[in-house]
There are 2 protein chains.
Amino acid sequence: MKPLAWLCLASSFALAQAGPERSVILDLSSTPGAKLRTVPVSAVTLKGGFWESRRRTNVERSIPTLLQLLEEHGIADNFRRLSGAKSVPRKGPLFTDSDLYKWMEAAAWAQAGGGHPELRRTFDALTRDILAAQEPSGYLNTWFQEDRKSRRWSEMVTGHELYCLGHLLQAGIAYYRTTGDRTLLDGGIRFVEYLLRDFGPGKRPLLAGHPEIEMALVELYRTTHDRRYLALAGYILTGDGERLHLTPGQIAYMFSGRPFIDRTIMEGHAVRAGYAASGAADYWMETREEAYGTALERLWRDLTRSKMYITGGTGSRSAGEAFGDPYELPNAKAYTESCAAIANLMWNWRMLQATGEARFTGVMETALYNSINSGMSLSGTMYCYRNPLELTREASQSIRNPWYTTTCCPPNLERLFASLPGYFYGVSGEGLWVHLYDRNTLAWKLGDGTPLAVQMETKYPWEGQVDMTVSPRQAREFTLFLRIPAWSDATTVSVNGARVAARPEADRYLAVKRTWKPGDRVRLVFSMTPQEIAAHPRALENQGRVAVRRGPLVYVLEQEGQAEGVNVLESKLLLTGDGARDFAVKWEPDLLGGIVTLRHKGAHGALDTGGLPLYRRYNPREPRAGSPAGLVFTPYYTFLNRGPSALQVWVETAGQ
Amino acid sequence: MKPLAWLCLASSFALAQAGPERSVILDLSSTPGAKLRTVPVSAVTLKGGFWESRRRTNVERSIPTLLQLLEEHGIADNFRRLSGAKSVPRKGPLFTDSDLYKWMEAAAWAQAGGGHPELRRTFDALTRDILAAQEPSGYLNTWFQEDRKSRRWSEMVTGHELYCLGHLLQAGIAYYRTTGDRTLLDGGIRFVEYLLRDFGPGKRPLLAGHPEIEMALVELYRTTHDRRYLALAGYILTGDGERLHLTPGQIAYMFSGRPFIDRTIMEGHAVRAGYAASGAADYWMETREEAYGTALERLWRDLTRSKMYITGGTGSRSAGEAFGDPYELPNAKAYTESCAAIANLMWNWRMLQATGEARFTGVMETALYNSINSGMSLSGTMYCYRNPLELTREASQSIRNPWYTTTCCPPNLERLFASLPGYFYGVSGEGLWVHLYDRNTLAWKLGDGTPLAVQMETKYPWEGQVDMTVSPRQAREFTLFLRIPAWSDATTVSVNGARVAARPEADRYLAVKRTWKPGDRVRLVFSMTPQEIAAHPRALENQGRVAVRRGPLVYVLEQEGQAEGVNVLESKLLLTGDGARDFAVKWEPDLLGGIVTLRHKGAHGALDTGGLPLYRRYNPREPRAGSPAGLVFTPYYTFLNRGPSALQVWVETAGQ
């Protein structure tokens, strides 16, 4: 038997063992460095809460309309022309294969927990089109063809060949996990086998010009248990710097090409850096090489201490779509690409699996509810590439669009929202972990195999009360790990009406260990007082300003919806530092799909700056021009759903 | 007689009329649209005041050491190799001919009012080297040679051919005006005649990829009275857009290529924009085409209302060395090239000549004392390319350098300081205009030819009192126009001990009309109270901050020289809004060449930000960490003369 055929057989065997309908986002079932195990997407059903409508809109409107646009722009035809099925010119940027793959991953996750047959037929047809374009060698890329064929693997800094392969693998894995169909996955494996033949140590060097392949290869290893895939991920994460003759600028920008474990700061292209860190976290969990853990912790601190927006977005600079210097967090010029916020979630999601630490879940939640959630319109058909924290009306007009030539963000949002149920819970040997709160049911099992049902009733994030019914099939002693968000100043947790003994600590998982019986009731009450947030003094644009947050939601002052005479870009708030005193909280079911608004109660003035010179004499008792008027804060994620509008997250405060 | 020969003769005739030793920066003697006439550089002698040492250091140290560096880097050899005098490779960037020309202009101005014979011999030798490289056609450029010869005039967006010619002309004119020697000027004229033969309407199109030629051509017209040179300037200012197929981005960046009169905002490359506006102002004065005046006024308002640093610097962005959006005035990232501040001065100088309005002199003075004066070290041998308003110690290390590959700023500073006496006074039919204040003597004449001597005694800008002796050869009725700076809250003006009747108004020229007799004494007293300046609310980085200014000088908090425990980047000032109460003013003769320091008297704390998270709860009563300590403010222009240091112009204020 030839080695390759044998290896494929070995892979098939492992695949068969993994079995279908295990629709986990990460398969950590055999991962030595994972503290938690994930729960299949299909095990969680969102029901009538905050996220259900988003996920439904995603499947019913976003995914179909984006497919239509991908077809209109010739992205799928790029494959059909290679197989001869269509005679059309190649369309779109060099990396656009990945846009279709990401869309397919979204369609794959949509199959979890009740399929969408038409979508599945489309997926299968696209799979045939794609695989018909694959070369017998395994190579598959619609850009490096004809004249460009000779340039394969010679432009790895910019070429995106591995990036596209990574997304192909992720789509194939997702579809295999939700449907059991491994056709697309096998195509991806054939491409990886092609790589293994010619590339790596002692063969030709390989470079992830845009990291993504690392995560995909580790997940492929988890799916097939073929360690060569893990080794290839490790090789790419180490970087083949000497042979590749990269410049320091390229190494910083790509966040690859030199050993990941030597990285000390988040720099360069924000999506690349986030994907690289995600892949490194995957690799760390599989190998338990502590140098990875150390580097990841160092980078995470750099990110969260000086380079992350309050919305969970990252990437301060348009130039290079890049991280800035520490505390360089401009608002109007924030790049904050939707994909970068998703990368941030993906990285923190992996760090959470490795450690079980709530600080990672906290960043995930912040990114999810704010900088990611803003990326798709409430209608599900308009997308943000950038998610800035300040906009003039004029600048706001280009923020939400149905299509981008570089259309990476729309399918990225779609694949995330399609797989969202998989992010809510985790399991460990000790018990069940609750990461996120929303109305849902869980039907899964404990580590020992005991079936477990959970029902969660809540109006989170609008209200702070969460009621859960925890029902193991039979009474079992285990621990329920309940995440207490960092923002909850006062949290109470009770079981069957009695406060638990342990004191809930913010930004920690509260461990409630007991013998749980079917129907046990858990109630959490988080403090939902509006909070006024100040930024580090080195975050210069935010000085003398506050952002308003309530629960996981950052709020925004959007011009649309304000009283006449208010100019949101030039308003000053008189604040006491006590959100309960300064803001009126109001549930408005008919506004923006149903939201809680925060109305500023205190007197304030919209400073009339029209006539102000560029420089004037400082006067600490400068009278506030303009008339007092109420200001309405709305959740950041709803911005620009009522048309163009000026908006501002960090609002000037006049102190008290 | 062939037309060209005739024209050259006509030029010679006009030159002969203009005569030698009229060392004016702009020759406005026949300019219909100029309200003022300039005064020769040689008519003003700086004596023992603020600027004399700068000018002396410039001539004695800066100009000689820069020549040495220009020789070491092969910039002069670039010409010698073309004539065969040296066999060396061509060195430096494509525009570096202009660096030598600018150095020569500096050496030329140094001849005014008492020559420097050795410098003059060097100038003449360089002139021979340069002209030996000029082609018989008149073409002269060391870059477009050999392989690049075929690319002449085909890369006008980036090629700098006209930019270099402009500086050649300015050097030739300056030398002609200070010495009567027209050798270099004639070389420049030959190149212009070459242009006139082949380029312009109905011939090949021409573009100022980097404006500069416009000013030079108008000055050449003023020197020769040959209107073809003025017409060529007008053609370039109009732009030959249709034939040149320029992109909107190029047109914005270059500030040329479309009609100057249609410009509405300051945008693109700050030096290009400032030079273009200077050339347009020259053209406006000669033609009185009001569309130019209207455009210039519109652009000036855009600049001063939203795009100028408090130091008079311009250019917010490193990318494209460009203007930013309105109120985009970052401090640490400020580009604020020395050349851009000089361009700002040049433009305002021309606007002043056209209008006699003090607002232009005010901007000139601000740029001169701050963003220009900072550009050269006190030693005269280290130069800034960028003049930012905030620096970490690390970033400060690359700010002052003896040499730059693009070494535009050093000779630009040198030519300005060499010609500085020519900026102090002006003359009109009504009398004498006093623009700037410093210890000096003037020996010139009134509009009617009456000889006039002025002696000015003052410790300006350290003290607000200015004593002048005004001595016409015989008693004459005329007006003395005294500029009252915008920053002087209370100004008194007296003649022979008696207060003048007219009330001095800030940012205006005070007209004192009387019969002046030899030895009449004028005393001005400006208010020199330290001022705390706030920025427009849209200048985001400056919110909650103040800059400190005293007289024309902006002050800076430089780490070097502070008490232990002070961190200038993280200090907070408790201010009352009353500079007299908040600061102690102290003359320190041994510090930084002799300066007035401002010491903050009130209690303040250096906020300890080391442990602060990126985001924290807002607390209007947040205690100030750190210990109270005195802060020492020093004039901005002295920054980084004591080695690397963190520094900050806009300092956080804690209010009262």
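Guide: Seven bridges link strand E9 (residues 451-458) of chain A to strand E10 of chain A, and the two pair in the antiparallel sense. Strands here are DSSP runs of E with at least two residues, helices are runs of H or I with at least four, and both are numbered from the N terminus; two strands pair if DSSP finds at least two bridges between them. The model is predicted, so local features need pLDDT of at least 70 and side-chain atom pairs count only at pLDDT 80 or more, while totals for chains, interfaces and linings use all residues. Residues are numbered from 1 along each chain as its sequence is written, and chains are lettered from A and ligands numbered from 1 in the order in which they are written.

A hairpin of six residues joins E9(A) to E10(A). Within the pairing, Leu452(A) stands opposite Pro472(A) of E10(A). E10(A) also pairs with strand E15 (residues 520-525) of chain A, in the antiparallel sense and over six bridges. There Thr469(A) has Arg521(A) of E15(A) as its bridge partner.

In a regular strand, side chains alternate between the two faces of the sheet.

Elsewhere in chain A, five strands form an open sheet of mixed pairing, in the order E1-E6-E7-E11-E14. Strands E1 (37-38) and E14 (508-516) of chain A are at the edges with a single partner strand each, so one side of each has no neighbour in the sheet. E1(A) pairs with strand E6 (residues 425-428) of chain A in the antiparallel sense over two bridges, and Arg37(A) stands opposite Val427(A) of E6(A).

Chain A is divided into domain 1 (3-142 + 156-423), domain 2 (426-525) and domain 3 (532-655), with bounds from an automatic or database domain assignment. The centres of domains 1 and 3 of chain A, taken over C-alpha atoms, are 36 Å apart. Their contact takes 25 residues from domain 1 of chain A and 26 residues from domain 3 of chain A, where two residues are in contact if their C-beta atoms, placed from the backbone, lie within 7 Å. On the side of domain 1 of chain A that touches domain 3, helix H15 (358-372), strand E4 (390-391) and helix H16 (393-396) each supply at least two residues. H15(A) gives the most, with four residues.

Between the chains, the contact takes 37 residues from chain B and 37 residues from chain A. On the chain B side, strand E16 (531-535) is among the elements supplying at least two residues, and E16(B) gives the most, with five. Strand E23 (residues 615-617) of chain A runs antiparallel to E16(B), joined by three bridges, and Arg617(A) has Ile533(B) as its bridge partner.

Chain B superposes on chain A (RMSD 0.0 Å) by a rotation of 180° with 0.0 Å of shift along its axis, which is the relation of a two-fold axis. In chain B, the C-alpha nearest the axis is that of Glu541(B), 2.4 Å from it.

Methods
Copies are superposed by least squares on the C-alpha atoms of residues with pLDDT of at least 70 in both.
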